[in-house]
Amino acid sequence: MNSTTTSAPGVVDVIGVGAGFTGLYLAHRLTTAGWTFAGFEAGPSVGGTWFWNTYPGARCDVESIYYSYSFDETLQQEWTWSQRFAPQAEILRYIEHVADRFDLRKHFTFDTRVVGATWNEADRLWDVHLDSGETRRSRYLISGAGGLSTPKDFDVPGLANFTGLQVSTSRWNISLDDLAGKRVAVIGTGSSGVQAIPLIAQVAEHVTVFQRTPNYVMPARNSELSPEQVESIKVDYPAIREECRHSLGGIPERPVTDKAFDVSDEERLRRYEAAYELSGFNGVGAEFADLITDIDANRTASEFIHDKIREIVEDPATAELLVPKYHPLGAKRSCFGTDYYETFNRPNVSLVSLRDEPIETMTANAIVTSSDTYEVDAVVLAIGFDAFTGPLYGLGLTGASGQKLQDAWRDGVRTYLGMMTADFPNFFMVAGPQSPALASNVVMSIEQAVDWIADLIEHARDSGATLIEATAEGQNDWVDITEETVAPTLYATTDSWYRGSNVEGKPNTFMGYVGGVGKYRRMCTEIAKRGYPGVAIDGEALSRNLGPIHQEIS
Ligand code: NA7
């Protein structure tokens with residue numbers, strides 16, 4: 001069926017938010033299926049995360065051959081990645097290529113931010129308010145606003161006093177040369193700081209790294225991809241993608257079933273050494289099946305990395321500060337760096353531990369901690385994001401009962417499959433909280449979610465329905481499932497942006513589903529097959545719990 005459901009003048013079937021990986025695939029998938037679609041993007045062009053995060057060293061830490069669209073075989077055959085972990089500029093070129101190749105830019109209005117959206121129950125339409133002052137109407141509203149797109153507030157004491165150069169990694173608007181010969185402070189040592197620090201150190205007169213929580217930084221082992229490597233992937237691409245779709249994290253995994261204490265100390269160490277040579281998420285943290293569930297098992301891997309840090313960093317006091325002793329390996333997002341620890345051996349790099357000497361204030365030209373004053377010419381903020389809920393709250397959604405989304409989720413996020421939320425009919429989230437997006441190759445998760453949502457709205461269209469809503473029961477079931485799935489893991493007890501603990505006052509709920517992208521996909525497919533239990537379509541809902549379905553699925 002190729003007709004649209006929404007024929008009123010000025011009303012489109014679907015409004016999509018964002019023109020990153022999600023928005024572009026949404027536009028492609030839905031317009032191909034005959035829906036009218038209007039996308040709004042706050043930035044001046046396509047790219048999303050990869051448009052904004054242009055700081056030195058920015059690159060993806062999921063290998064590019066996987067962190068790319070799989071929906072079109074010709075696309076994946078014609079595009080050639082130059083490196084295992086492509087730099088930001090290359091990923092942006094890829095996204096631009098996709099936009100042009102499928103002629104998708106015409107579906108978007110750029111430089112236009114969605115600032116509010118109100119559900120109109122009588123018309124069963126969303127009134128979507130734009131920062132241009134205009135209001136547009138749509139049957140469905142789908143967020144592709146991303147999970148890590150709203151920078152965290154700059155909550156560094158006294159920052160406003162500082163009159164030198166100030167830049168944030170997530171809105172980088174200077175060139176690396178602007179830091180040449182300067183005394184630079186970098187605040188934050190998550191993935192962004194870890195990628196930027198070694199490159200800033202190469203040009204700055206001095207870099208002082210202000211570290212709050214040391215993280216695990218494994219060697220990225222990035223390299224050029226040879227023509228033979230590219231060829232061997234392309235030959236097998238469909239099979240590789242299928243393997244990713246049914247994996248744990250959306251990338252091919254090494255089959256690991258044994259536990260850390262199933263082997264001798266010597267054997268364990270030998271295996272960690274071998275795993276340390278591998279790059280990315282298949283490294284040390286994936287060597288044994290129980291590393292993310294058993295703290296003692298985890299300690300063997302954590303301590304292996306601690307020792308690596310002590311081997312690399314020459315100054316013992318600096319090494320001890322860099323050792324991540326406050327959380328288990330992998331329980332908070334690990335980082336993958338190039339020469340990160342080695343950078344602390346440079347004479348122009350020093351480390352300040354904010355756990356020992358917190359920042360008290362800043363002056364026009366210095367950072368003042370409880371113990372010292374550090375004069376600097378520039379401050380680089382790499383302090384992270386208001387993950388998942390930040391971008392969604394930014395949409396200013398008002399649901400059917402007149403409640404704002406942030407009020408509905410005051411005590412914590414509540415979703416159905418991470419894609420819908422009760423009381424917000426016809427609203428969908430792609431790569432939303434409580435989906436596998438948080439702990440997966442997000443491009444693969446995006447494609448799966450877009451396809452599932454597209455199938456659901458097509459299912460409704462086929463029966464003439466115009467109202468789709470998660471039921472309270474369906475949502476409760478999914479919240480229970482996500483909590484039960486994460487409870488036995490070390491994610492559940494570790495402070496991180498995964499749980500909202502990086503933002504003052506944010507309720508502490510885990511923001512992902514960690515049962516694996518494969519299991520999640522099969523669960524979603526099964527739900528569709530069974531007529532969408534947990535979803536009310538034109539007010540009709542199947543009364544069937546999700547828990548038993550989740551248990552049945554391997
Ligand atoms: P992250 O991973 O959230 O890292 C932010 C870093 O900034 C982290 O070390 C924080 O320490 C630190 N931080 C945050 N606020 C402050 C203040 N106020 N003062 C000092 N230090 C602070 O963000 P990234 O951008 O690096 O990476 C985000 C994701 O992008 C990453 O996980 C990948 O998925 C890609 P904390 O650990 O909170 O103590």
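Predicted model: local features only at pLDDT ≥ 70, side-chain atom pairs only at ≥ 80, totals over all residues.
Two packed helices are described by the angle between their axes and the distance between the axes. For helix α1 (residues 21–32) and helix α13 (residues 442–462), that angle is about 35 degrees, and the axes lie 10 Å apart. The crossing of α1 past α13 is right-handed. On the α1 side, the residues that make the contact are Phe21, Thr22, Tyr25, Leu26, Arg29 and Leu30. Facing them in α13 are Val443, Ile446, Glu447, Val450, Asp451, Ala454, Asp455, Ile457 and Glu458. Sorted by class, this contact between α1 and α13 has nine nonpolar residues, five charged ones and one polar one.

Next comes helix α7, which runs over residues 265–276 and so has 12 residues. From first C-alpha to last, α7 reaches 16 Å, close to the 16 Å expected at 1.5 Å a residue. Its buried residues are Arg268, Arg271, Tyr272, Ala275 and Tyr276. These sit on the same side of α7, because they cover an arc of only 135 degrees around the axis. As for what lies over the buried residues of α7, the cover includes strand β10 (217–219) and helix α8 (295–312).

The buried residues of α14 are Gly474, Gln475, Asp477, Trp478, Val479, Ile481, Thr482, Thr485 and Val486. Among the elements that cover them are α15 and α16 (546–552).

Tyr532 is placed in the loop between α15 (517–529) and β20 (535–537). Tyr532 is not a glycine, yet its phi is positive, at about 60 degrees. Is Tyr532 buried or exposed? With a relative accessible area of 3%, Tyr532 falls under the 20% cut-off and therefore counts as buried.

Asp111 is another non-glycine residue with a positive phi, here about 55 degrees. Asp111, too, belongs to a loop, the one between β3 (108–109) and β4 (114–120).

Definitions and conventions: Residues numbered from 1 in each chain as written. Heavy atoms only, no water. Helix = DSSP H or I, 4+ residues; strand = E, 2+ residues; numbered from the N terminus. Expected span 1.5 Å × (residues − 1). Buried < 20%, exposed > 50% of the residue type's maximum accessible area, 1.4 Å probe, protein only. Arc of directions from axis to C-beta. Contact = heavy atoms within 4.5 Å. Axes fitted to C-alpha atoms, helices over the stretch in contact; angles between N-to-C directions. Left-handed = near helix turned anticlockwise from the far one by under 90°. Nonpolar A, V, L, I, M, F, W, Y, C, P; charged D, E, K, R; others polar.
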